[in-house]
Amino acid sequence: MTDHRKRRPDPVAPIESGTRRTAGGPRHADRISWLRRRALSALVAGTVGSALPALANAQTRPALAPTPPDAEGPFYPRTLPVDRDGDLTRVAGRSGVAQGTLLYLAGTVRRTDGALLPGATVELWQCDALGVYHHVGATEPRDENFQGYGAVVTDAGGRYAFRTIRPVAYPGRPPHLHFKLTPTGGPGLTTQLYVKGDGGPTSMFVGRDRDRLSITLASAQGREPGALAAQFDFVLR
């Protein structure tokens with residue numbers, strides 16, 4: 001005898017309006033959707049998980065010590081020279097080369113978190129081999145082939161470079177170089193660098209930080225005979 005009772009429908013979730021039916025029916029479609037959600041969740045979890053170690057390392061990496069400041073001194077140029085590039089040993093329009101020992105100085109500029117600072121302006125000024133600062137109204141005889149002041153902008157890797165002369169002492173001061181650094185954002189720095197091993201009085205503002213503001217001179221390999229080289233990496237707050 002034929003059973004005319006109505007069959008109970010399969011216990012599946014109702015299909016919302018607009019849901020596309022697949023060849024396997026609504027239950028098959030729901031399973032595909034669930035698998036996709038599960039795969040997406042795994043992908044997100046894997047991405048976040050792989051980023052956590054790098055984030056943790058960034059948070060636990062010790063901050064770099066900022067370069068100590070030092071007095072600007074009374075010899076920052078009153079007027080900047082027309083020729084103010086990174087080569088202080090030659091002056092535009094003159095054929096001579098500055099007196100003194102050539103010094104190639106290079107390094108980087110970065111923040112205390114280690115981030116390099118491209119586009120930062122690095123200014124350098126110093127006295128010539130006769131102990132005279134230029135561009136400040138000095139009347140003493142001076143080396144006319146020495147530029148006295150230069151400025152460069154750090155490259156994409158935060159690097160700067162100067163070609164100058166080994167700093168010399170003058171009464172009351174040991175050999176030193178003046179610097180002013182101005183980044184595109186955040187605080188800058190005014191300081192001085194000293195030659196490691198050269199004694200003598202120093203700025204009252206430096207004190208115990210003298211060693212942290214010292215450069216070590218070495219032979220400049222592949223450069224002019226007798227030329228020196230040094231590196232210093234500035235760290236700004």
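## A quick tour of a predicted protein model

The protein has one helix and 10 strands, and along the sequence they come in the order α-β-β-β-β-β-β-β-β-β-β. Of its 237 residues, 35% are buried.

- The average pLDDT for the protein is 82, and 70% of the residues score at least 70.
- Residues 1-23 are a part to handle with care, as the pLDDT there is below 50. Beyond near neighbours in sequence, this stretch makes 10 contacts in the model.

- Histidine 134 counts as buried because its relative accessibility is 5%, which is under the 20% cut-off.
- Its side chain pairs up with the side chain of aspartate 128 through a polar contact of 2.9 Å.
- Setting aside residues up to four places away in sequence, histidine 134 touches Asp128, Arg142, Asp143, Phe146 and Gln147.
- Histidine 135 is in the loop between β2 and β3 too. Its phi is near 65 degrees, a positive value in a residue that isn't glycine.

**The nonpolar cores**

- In soluble globular proteins, nonpolar side chains tend to be buried together.
- Here, the largest nonpolar core has 26 residues, and the members that touch the most others are Val109, Val122, Tyr160, Phe162, Phe179, Leu181 and Phe234.
- Which elements give two or more residues to this core? They are β1 (102-111), β2 (121-125), β4 (159-165), β5 (176-182), β6 (189-195), β9 (228-231) and β10 (234-236).
- Take valine 109 as an example: leaving out neighbours within four places in sequence, its contacts are Leu116, Leu117, Val122, Thr154, Gly158, Tyr160, Leu181, Phe234 and Leu236.
- There's also a second, separate core of six residues, with Trp125, Tyr133, Tyr149 and Tyr170 among them.

- Threonine 191 is part of strand β6. Is threonine 191 buried or exposed? Its relative accessibility is 0%, so it counts as buried.
- The side chain of threonine 191 reaches the backbone oxygen of proline 68 at 2.8 Å. Apart from neighbours within four places in sequence, threonine 191 is in contact with Pro68, Pro69, Asp70, Leu177, His178, Phe179, Leu213 and Phe234.
- Leucine 102 lies in strand β1, and at 14% relative accessibility it counts as buried.
- Leucine 102 and threonine 164 are 62 residues apart along the chain, but their C-alpha atoms are separated by 5.9 Å.
- Not counting residues up to four places away in sequence, leucine 102 touches Thr89, Arg163, Thr164, Ile165, Glu224, Ala227 and Leu228.

**Links across the chain**

- Look at contacts between residues at least 6 apart in sequence: 69% of them join residues at least 24 apart. The contact between leucine 102 and Thr164, residues 62 apart along the chain, is one to find in the structure.

How values were computed
Residues numbered from 1 in each chain as written. Predicted model: local features only at pLDDT ≥ 70, side-chain atom pairs only at ≥ 80, totals over all residues. Heavy atoms only, no water. Core = buried A, V, L, I, M, F, W, Y, C linked by side-chain atoms within 4.5 Å. Buried < 20%, exposed > 50% of the residue type's maximum accessible area, 1.4 Å probe, protein only. Helix = DSSP H or I, 4+ residues; strand = E, 2+ residues; numbered from the N terminus. Contact = heavy atoms within 4.5 Å. Polar contact = N/O pair within 3.5 Å; in protein donor to acceptor, adjacent residues only side chain to side chain. pLDDT = per-residue confidence, 0-100.
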